[in-house]
Amino acid sequence: MENIIIIGTGCAGFTAGIYAARANLNPLILEGKQPGGQLTTTSEVENFPGFPDGIDGFILMDSLRKQALKFGARIQNSFVDSVILGEDKKVLKAGDKVIEAKAVIIATGAAPRLLGIPGEQEMYGGKGVTTCATCDGAFYRDMEVVVVGGGDSACEEALFLTRFCSSVTVLHRRNQFRASKIMADRVLDHPKIKVIWDTKPDKIIPDEEGKVKSVQVSNIKNGETSEVFCKGVFIAIGHVPNTKCFENELELDENGYLIPKTGSSVLTNIPGVYVAGDCADHIYRQAITAAGMGCQAAIEAERWLAERN
Ligand code: NAP
């Protein structure tokens, strides 16, 4: 039986791996369908402490991976389909593989919900379509951008973008925000933000370099179409945590996020099972906070294993 298995190779998973390996726990890290996690889709990370000139997301994740390997973590490509999480034994099934462990850190991340419209995939990451204003907003200084969505995330992204962009157009499919009133009011009162109600994006149109030129939109009520010119499209229509295979064993909130035990950010109600990063955090969702949770989870696991041995 393994000492500890870490599911996920984003910032949370690799940081947990580094700490667990340095604690001589010989961790096994399972890599799923997106090795390196969400940051591998970001061109440049400017807000991870320690890199004053920024760092390419892929390079950052590759460095974390090497650091985990250097201390003895093992990495295996296995997508976990189902789990049975008991206090004494955690059983993970990945295809026809069955792996058992004393402790498990769940760091499976979340995926931004996407629109599924033409142009979105082609221009995603570096060509104008993005899902993270905190990561990419500064690249759109003095430019016009569009934010899609009507929840707190969309409002937060729109407000954040006003710091850099010349104008921010919010496209929302209904005629009122889902966001909290305070956020909605801030957006509605902001001189740089224009809201287009009852409108959905149909297509993202590229310029001659393959970068975003405009968004073709249509009014949901009268079907009228028009084109909104912009350099960046920020999609903020929610996230989908990668937690499906835990739903029978652990508590999830109504949006599918794992709920840590009251009073902790990484413990769960099952001893020896920990959560870290975006699969359990719908508030901060930053690389550095995920790394912090990975560290906390590994330290908790180390202490719990030490008490049992
Ligand atoms: P959300 O509340 O689920 O809102 C998603 C928004 O995207 C909704 O306005 C929805 O439209 C729209 N949408 C969904 N699918 C769409 C599609 N296919 N095409 C166009 N629009 C689509 O998600 P969120 O804003 O990420 O917030 C998630 C949770 O985190 C919420 O509980 C929120 O309060 C919380 N949060 C809090 C803060 C904060 O307090 N500072 C910041 C961010 C998030 P409809 O309105 O028509 O459904």
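A residue is called buried when its relative accessible area is under 20%, exposed when it is over 50%, and partly exposed in between, using a 1.4 Å probe and the protein chains only. The model is predicted, so local features need pLDDT of at least 70 and side-chain atom pairs count only at pLDDT 80 or more, while totals for chains, interfaces and linings use all residues. Numbering runs from 1 along each chain as its sequence is written, and side-chain values use heavy atoms, with hydrogens and water left out.

**Cysteines**

Select Cys132 and Cys135: both are buried. A disulfide (a pair of cysteine sulfur atoms within 2.5 Å) links Cys132 with Cys135, with 2.1 Å from S to S. Their link is right-handed, with 80° about the S-S bond. How many disulfides does a search of the whole structure find? That search turns up one.

Now select Cys230. Cys230 is buried, at 5% relative accessible area. Cys279 is in no disulfide either, and the nearest cysteine sulfur, in Cys245, lies 9.9 Å from its own. Cys279 is also buried, at 0%.

**The ligand**

Zoom in on Ser153, where a polar side-chain atom sits 2.5 Å from a ligand oxygen. Arg174 places a polar side-chain atom 2.8 Å from an oxygen of the ligand. For Arg173, a side-chain N or O atom is 2.8 Å from a ligand oxygen.

**Last stop**

Finally, select Gly126, Lys127, Gly128, Tyr140 and Lys211. Of the 16 residues lining the second largest pocket, these lie nearest its centre. A pocket is an open set of points on a 1 Å grid over the protein atoms alone, where a 1.4 Å probe fits, with protein on both sides within 12 Å along at least five of seven lines; lining residues have an atom within 4 Å of a point. By class, this lining has five nonpolar, five polar and six charged residues.

Methods: A polar contact is a pair of N or O atoms within 3.5 Å; within protein, one must be able to donate a hydrogen and the other to accept it, and residues adjacent in sequence count only if both atoms are side-chain atoms. Ala, Val, Leu, Ile, Met, Phe, Trp, Tyr, Cys and Pro count as nonpolar, Asp, Glu, Lys and Arg as charged, and the others, Gly among them, as polar.
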